[in-house]
Amino acid sequence: MKSKNHPLLGIHSLIMMVFIYVPIAFIIAYSFNSSRLAADWSGFTFDWYISLFGNRHVMEALSNSLIIAVVSTLVSTVLGTISALAIRKLGKKMKVGFGGLLYLPIIIPDIIMGLSLLVLFNQFQMPLGKITIIIAHITFSMSYVHVVITTRLIGMGNQLEEAASDLGAGAWQTFRYVTLPQIFPGIIAGALIAFTLSLDDFMVSFFVSGPSSTTLPIYIYGQVKRGISPEINALCTILILVSVTLIFLAQFMLNRGKGQKKQSVLPF
Amino acid sequence: MIELVQVEKRFAGQVVVHPLSLTIKEGEFLTLLGPSGCGKTTILRMIAGFEQPTDGKILLDGTDLTDLPPNRRDLNLVFQHYALFPHMTVEDNIAFGLKMKKMPVKEQQERIQEAVTMTQLNSLTKRYPHQLSGGQQQRVAIARAIANKPKVLLLDEPLGALDLQLRKNLQSELKQLQRSLGITFVYVTHDQEEAMMLSDRIVIMNSGQVEQIGTPRQIYANPTTLFSATFVGENNIFSRDGKMFAIRPEKLRALRDVEGAKRTGEVLDVHYLGSVHKLVVQLDNEPMTVSILFDFNDNRPWEVGERVGVDWKSEDEVIIGS
């Protein structure tokens, strides 16, 4: 039997949804508004999307963002995977210690991450640019990858690897034929999350970017200071779409590995 | 076949397995039996190579295994929760060990076919583990192990996760399999009935120590310690002149005539168990109850609260040490 909820709960949920999604809905809706002014609706159009792709600054920011996202994703995925595998072999105390340290960048406020990295780069007199943004993105993405893969490894347990070893597989063969296929969906999911984080990051990038390394979020921020144009709405809509798609893909990968317990690190 | 020489295991100063010497014969079905935490699984894992003994040696066919990693030991383990590779089909699971040994493909096929036939998995080879029932998964785990033709098969509570009826069926299948393969089985279980049914010899363990080693018959009829007397089957423990002796419930007699019986008491409960009845008796002078099993051919049933004489033949007393 279905238990009956209090009617107020339904209303509460509705208000929550409105609260969260109305601002986003506005941006998406106005990206299709043929009027330049946000105030009135004068018809449906794709013009802003078209003019977006003709805009040299937008395209440059996009290319910067993609380069940074791809490189930082590759590096952080490899590092995060290795750290997750390594930490598993440690003793209990070390595991808690190192695990906690790797988890910390997720909790530390972005503004502090950004500021501390800026101080560091200044100390080493590194010119701010794509390289510094990539390094910054790796530092926080790696933690997410590590957490996702650690969850996957815990779900897997030790028995499969013991079974492989019992059946004559050496350390490399065990990793290649058992561990890697088991954690592969986690690696892909971690990479997708890292990519999304890099693409969306504003705060940390803002501190460590240089004149020639404007990313999309930084570009949007710069434009908004001069008033919100429909192009920006269109750009934001695309970013929302890409992020949501990537996160859904990541979640899909995490739920793969048929017949096993559903291990979700995200709430859906 | 397998020889354990003074094998000892300590975890962080705590003794998990006290020094143990044991010889397992070729083709033998040997069971390590004991409650959880008694060290039986640790012994199995030391033989398989997943745990390193703190002291002592493990020999297989005269060669010292102690320092060899699990992948270089000529024996296979059937895990408690099967540990099948979820991303491989039944066939690939079974082939895994053969591929690791770089066996020619044709021979691999023969071995797989043989293992599949023995475990009745013929129609399931293309399935993935999650598409199989618990009993089928268990069969795959066994097929995967025996395809390697190991000298010894180690089994860690392989039927523990299955329900009672299925367990009963698989017990007899396992026994038949062991007979037809002729390889040594080392079996771990906490189920004394299972141990009695399957084993040639049983090692009874309690808190890291061996209590008794013997055939099921020896262990049932002549338990040497209090633990093995009470762990395997039901038993009644009496004492006389500071010595303990055990008498199985089926060896006790319940007498209506209280006079002349060795002990007297009052019927506390009467259980009807189908083929037999069980009488629970509270003894008069000792704070204990005894169980009496008997065929119910008496013309009048026992009543709760009735006076009863408990008697037995002196030769049925089994003196137990300590």
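Trainee: Why are α10(A) and α11(A) called roughly antiparallel to each other?

Mentor: Helix α10 (residues 216-224) and helix α11 (residues 230-255) of chain A pack at an angle of about 155 degrees, and angles over 145 count as roughly antiparallel, those under 35 as roughly parallel, 65 to 115 as roughly perpendicular and the rest as oblique, so α10(A) and α11(A) are roughly antiparallel. This is a predicted model, in which local features need pLDDT of at least 70 and side-chain atom pairs count only at pLDDT 80 or more, while totals for chains, interfaces and linings use all residues. Residues are numbered from 1 along each chain as its sequence is written, and chains are lettered from A and ligands numbered from 1 in the order in which they are written.

Trainee: What makes up the meeting of α10(A) with α11(A)?

Mentor: A:Leu216, A:Ile220, A:Gln223 and A:Val224 in α10(A) meet A:Ile232, A:Leu235, A:Cys236 and A:Leu239 in α11(A), where contact requires C-beta atoms, placed from the backbone, within 7 Å.

Trainee: How do you know that β6(B) and β7(B) pair, and in which sense?

Mentor: Strand β6 (residues 75-78) and strand β7 (residues 152-156) of chain B share 4 bridges in the parallel sense, and pairing asks for at least two bridges found by DSSP, so β6(B) and β7(B) count as paired. Within this pairing, B:Leu77 stands opposite B:Leu154.

Trainee: Why do β2 and β5 of chain B stand at the edges?

Mentor: In the open sheet of 4 strands, with the order β2-β1-β4-β5 (chain B) and antiparallel pairing, β2 (14-24) and β5 (63-64) each have a single partner strand, so one side of each is left without a neighbour in the sheet.

Conventions
Axes fitted to C-alpha atoms, helices over the stretch in contact; angles between N-to-C directions. Helix = DSSP H or I, 4+ residues; strand = E, 2+ residues; numbered from the N terminus. Contact = placed C-beta atoms within 7 Å.
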